[in-house]
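Subject: Model for you to look over

Hello,

Here is the model I promised. Please open it alongside these notes.

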Amino acid sequence: MAGTVAMRRTAARRQPDTSATTEPTWVRTLLIVVSLIFLAIFLLLPLLAVFSQALAKGWEVYAQSLWDADALAAIRLTLLMALIVVPINTVFGVIAAWAIAKFQFVGKSLLITFIDLPYSVSPVIAGLIFVLLFGRQGWMGPWLESHDIRIIFAIPGIVLATLFVTFPFVARELIPLMQAQGTEEEEAACVLGASGLQTFWRVTLPNIKWGLLYGVILCNARTMGEFGAVSVVSGHIRGETNTMPLQIENLYHEYNITAAFAVASLMALLALVTLVFKSFLQWKTSQQLSAEELGYTGD
Amino acid sequence: MGIEARNITKTFGTFTALRNVSLSVATGELVALLGPSGSGKTTLLRIIAGLEEPDDGSGAILFHDEDVARTQVGNRKVGFVFQHYALFRHMTVFENVAFGLRVRPKSQRPGRNLIKYKVMRLLKLVQLESMANRYPHQLSGGQRQRVALARALAIEPKVLLLDEPFGALDARVRQELRQWLRRLHDEIHLTSLFVTHDQDEALELADRVAVMNNGQIEQIGTPDDVFHKPATEFVVKFLGQVNFFHARLEGGKVHFSTLAWESPEHAGTPSQPAHVFIRPHELDVNIIRNGHPALQATVKRIHSAGPNVRLDLTAESGERLCAEMTQERYRSLNITSGSTVFVTPRDVKVFADKP
Amino acid sequence: MQLTLKERSVLPGFGLTMGFTLLYLSLLVMIPLAGLFLKSATINWSQFWAATTDPRVVASYKLTFGASLIGATINAVFGLIVAWVLVRYSFPGKNLVDAMVDLPFAMPTAVSGIALTAIYAPNGWIGQWFAHDGWIGQWFGPNGIKIAYTPLGIIVALTFIGLPFVVRTLQPAMEDMDSEIEEAAASLGATRRQTFLKVILPTILPALLTGFALAFARALGEYGSVVFIAGNMPMKTEITPLLIVTKLEQYSYAEAAAIAVVTLMASFAVLLFINLLQWWSRRYAS
């Protein structure tokens with residue numbers, strides 16, 4: 001299951017349209033209207049539904065639903081997941097991108113395919129593989145049990161499953177970016193006497209910072225919102241191993257619809273914030289790009 | 001010697017980029033590595049810089065008689081100017097130039113004020129003091145190129161290496177920067193080596209030119225030497241337009257087309273096929289036979305817009321020729337397309353098939 | 001000639017970073033995935049066959065595959081229109097609309113799932129139109145059309161989550177297209193329709209197919225947004241990922257692993273198809 005499409009970097013620079021390169025006005029209007037209706041039904045309505053359902057019984061009930069001990073525990077656990085998983089996969093992503101983008105070696109595209117693997121694995125299967133490894137009847141189950149270590153139906157399992165699902169996000173964002181930037185600036189830094197770490201901090205990192213942040217934002221959104229994989233490994237223990245998406249499911253199945261949507265509205269807000277960040281970063285990189293490409297004025 | 005590279009070989013997979021190449025550059029000298037793409041010139045430059053490693057079994061690389069072959073690129077103290085400048089795009093001009101000073105270990109790092117002084121002095125040298133706070137994308141190509149040079153000079157390099165320094169610039173800026181770089185070199189006298197594929201650039205700028213082909217140096221010498229006394233056929237062909245004839249050496253004479261040319265240096269060479277090269281400006285064009293052996297030819301086309309006039313000719317025996325003369329000479333000849341002319345070589349280069 | 005696995009470089013850190021990458025990749029991804037295949041191998045071939053071809057399982061394959069295919073097709077058609085409109089036309093609020101296209105990526109699947117269910121349930125905003133007394137549903141017999149808790153609902157959810165893939169893969173391809181080729185077609189006498197069908201569509205076809213395949217692959221494994229709206233009736237509205245969870249809850253680990261292996265193989269086949277597409281689409285590149 002592919003998780004995301006890499007950030008767009010092409011700065012659109014088209015000639016103004018003439019009658020040779022565009023359609024009659026009525027066709028354009030029709031296509032715009034069709035698109036907007038389609039997007040309104042599929043994107044806008046679900047978003048509105050979340051907030052309208054959450055507030056269906058008024059602000060007081062909304063606030064109470066969120067102030068519930070289990071809901072608060074779920075929020076805490078979700079934030080904890082983000083704090084653990086995002087930094088680990090960010091560090092991995094930067095390291096992997098350095099190795100892959102800055103050097104030439106045999107088997108590079110195979111390695112990239114392996115890094116992409118979690119995209120094509122159903123989240124349910126992502127959870128399943130860790131149950132098979134660490135579950136009570138799994139490969140390491142008996143050993144873990146005899147040492148009184150719990151991984152499945154406990155926080156370590158949730159961390160592992162989430163790490164797996166969000167594994168490629170940062171790396172996949174950085175690799176094409178760093179490949180496009182080449183190695184000349186790094187070589188120049190080396191010639192000028194910079195050490196490896198100095199080269200990375202002072203030359204590479206400033207060049208990739210927006211792309212890196214973009215990857216981190218996506219990784220964070222997926223980490224906090226992951227449902228399938230976490231659902232398989234968590235055991236749904238209230239107040240202990242329920243993340244926000246799992247708490248939503250529990251409330252929903254108990255027909256506590258308003259409370260479910262109240263928690264969901266927080267996650268929808270997170271999604272909106274993510275989109276705002278995403279657009280900002282895309283705008284930022286396209287600015288940087290067009291400044292570099294168009295800035296050259298000749299003598 | 002400022003730079004000395006001994007017996008350098010470099011292979012990339014099955015491709016041999018350099019075959020046992022040796023090169024030395026005298027202290028304070030400016031040398032050009034001239035050759036077509038794929039001739040190995042950039043590889044040689046990068047090996048001297050330490051950006052590539054030569055194959056095992058290659059000889060030493062010395063800067064001012066000190067072996068640097070085992071020295072990391074960052075400690076070689078080379079000023080390297082990259083083809084596309086490789087300026088740090090997120091740093092201002094000032095920060096770019098200061099970079100090499102700021103990344104030194106604390107004990108060797110100059111203080112803030114000293115760095116500022118050094119950088120501004122360099123920016124003055126490259127005439128960019130007013131651009132210190134600009135970013136690379138706000139500069140023109142020629143200005144970026146000078147920032148790259150200032151940045152390379154900031155670390156007080158022992159040698160300066162430039163990879164196609166004018167390759168990415170348009171024709172007029174190239175010309176200006178070329179003269180500027182020559183003046184700069186005469187001022188600072190830093191041992192310098194630059195790579196180019198443009199023979200005019202090499203001949204105009206360098207004290208000596210090393211012509212490279214196929215991973216080897218074909219000839220190294222002053223611009224006069226390589227132009228007037230080319231050592232190999234490749235050197236003749238690479239340094240500008242040339243007329244070519246299949247010929248035959250026999251008894252100290254070379255026979256080509258309908259001519260026999262005295263070739264004293266081949267007096268002792270056994271009879272064998274040879275190649276003859278004549279530069280367009282070495283051909284004398286007359287409208288009547290003047291007693292010298294000459295080729296009869298027909299004028300096909302006249303290119304008269306320029307400092308010199310170039311004639312495209314077809315010889316009686318079928319070869320196509322090109323001759324060049326001054327505007328005055330052209331006017332005095334009074335010829336048009338279709339005229340019959342007589343062409344006498346002033347100088348020919350002869351290469352025997354088996355020297 | 002010397003055989004080189006890695007070209008020499010002056011940049012430091014290759015050994016360290018590559019070592020860490022391979023270690024982390026192995027521990028987190030390769031070994032756990034290998035464990036899945038090993039687990040499915042602990043049962044013999046006839047058990048494996050029985051587990052993966054049980055009528056209930058086969059019904060789930062058909063449903064998952066069919067609904068994913070329909071969802072991806074809807075996305076291919078509307079995604080093409082949306083991408084075209086976003087790249088070629090300008091209208092007020094275009095940037096906002098463009099940003100919103102990523103909502104299905106950013107929205108947690110469980111949230112999408114309950115929101116879609118609320119909208120398409122018989123008393124929901126859209127669901128009621130299709131109910132027996134709704135303005136559309138009344139024409140379809142005494143029960144109207146049920147969307148939530150039927151395969152229709154599954155198609156809706158899979159269309160939702162696949163939406164960005166087609167749009168986002170098409171946009172760069174459309175932006176890269178040189179307007180000169182369209183002008184050339186027009187100057188040679190082609191109508192706008194001919195230009196679109198004969199010049200533009202072939203140019204963006206690889207991107208369209210890639211987007212379609214990505215949306216399809218995502219739909220095959222989707223769980224969170226589907227389980228709420230599906231109804232989850234065995235043989236009728238039970239998708240394969242849910243069946244894996246069910247097997248797991250019954251502690252039938254080997255069976256769950258076997259079904260998972262089949263699902264993974266299908267995903268890898270789509271992945272291979274996408275890679276071939278990319279290779280094919282570069283055939284004209286210089």
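Just after H5(B), His189(B) takes a positive phi of about 50 degrees. This is a predicted model, so local features need pLDDT of at least 70, side-chain atom pairs count only at pLDDT 80 or more, and totals for chains, interfaces and linings use all residues. Residues are numbered from 1 along each chain as its sequence is written, chains are lettered from A and ligands numbered from 1 in the order in which they are written, and side-chain values use heavy atoms, with hydrogens and water left out.

Helix H5 of chain B

H5(B) covers residues 171–188. Helices (H or I, at least four residues) and strands (E, at least two) are DSSP runs, numbered from the N terminus. At 1.5 Å a residue, its 18 residues should span 26 Å, and the end C-alpha atoms are 26 Å apart, which agrees. The expected span is 1.5 Å times one less than the number of residues.

Its buried residues include Arg174(B), Leu177(B), Arg178(B) and Leu181(B). Buried means under 20% relative accessible area, exposed over 50%, partly exposed in between (1.4 Å probe, protein chains only). The buried residues pack against strands S3, S7 and S8 and helices H3, H4 and H6 of chain B. Contact means heavy atoms within 4.5 Å.

Asp198(B)

Asp198(B) is in the loop between S8 and H6 of chain B. It counts as buried because its relative accessibility is 16%. Leaving aside neighbours within four places in sequence, Asp198(B) is in contact with Leu34(B), Arg174(B) and Arg178(B). A polar atom of its side chain lies 2.9 Å from the backbone nitrogen of Asp200(B).

Chains B and C

The contact takes ten residues from chain B and four from chain C. Together the two chains bury about 670 Å², 49% of it on carbon and sulfur atoms. In chain B, Gly13(B), Leu51(B) and Glu53(B) lose the most area to chain C, together 45% of what that side buries. Buried area is the accessible area (1.4 Å probe) that two parts lose on being put together, summed over both. Between these chains there are zero salt bridges (a side-chain nitrogen of Lys or Arg within 4 Å of a carboxyl oxygen of Asp or Glu).

Chain A

Chain A has 13 helices and zero strands. Buried residues make up 58% of its 299 residues. Among its contacts between residues at least 6 apart in sequence, 75% join residues at least 24 apart.

Best wishes

Definitions and conventions: Polar contact = N/O pair within 3.5 Å; in protein donor to acceptor, adjacent residues only side chain to side chain.
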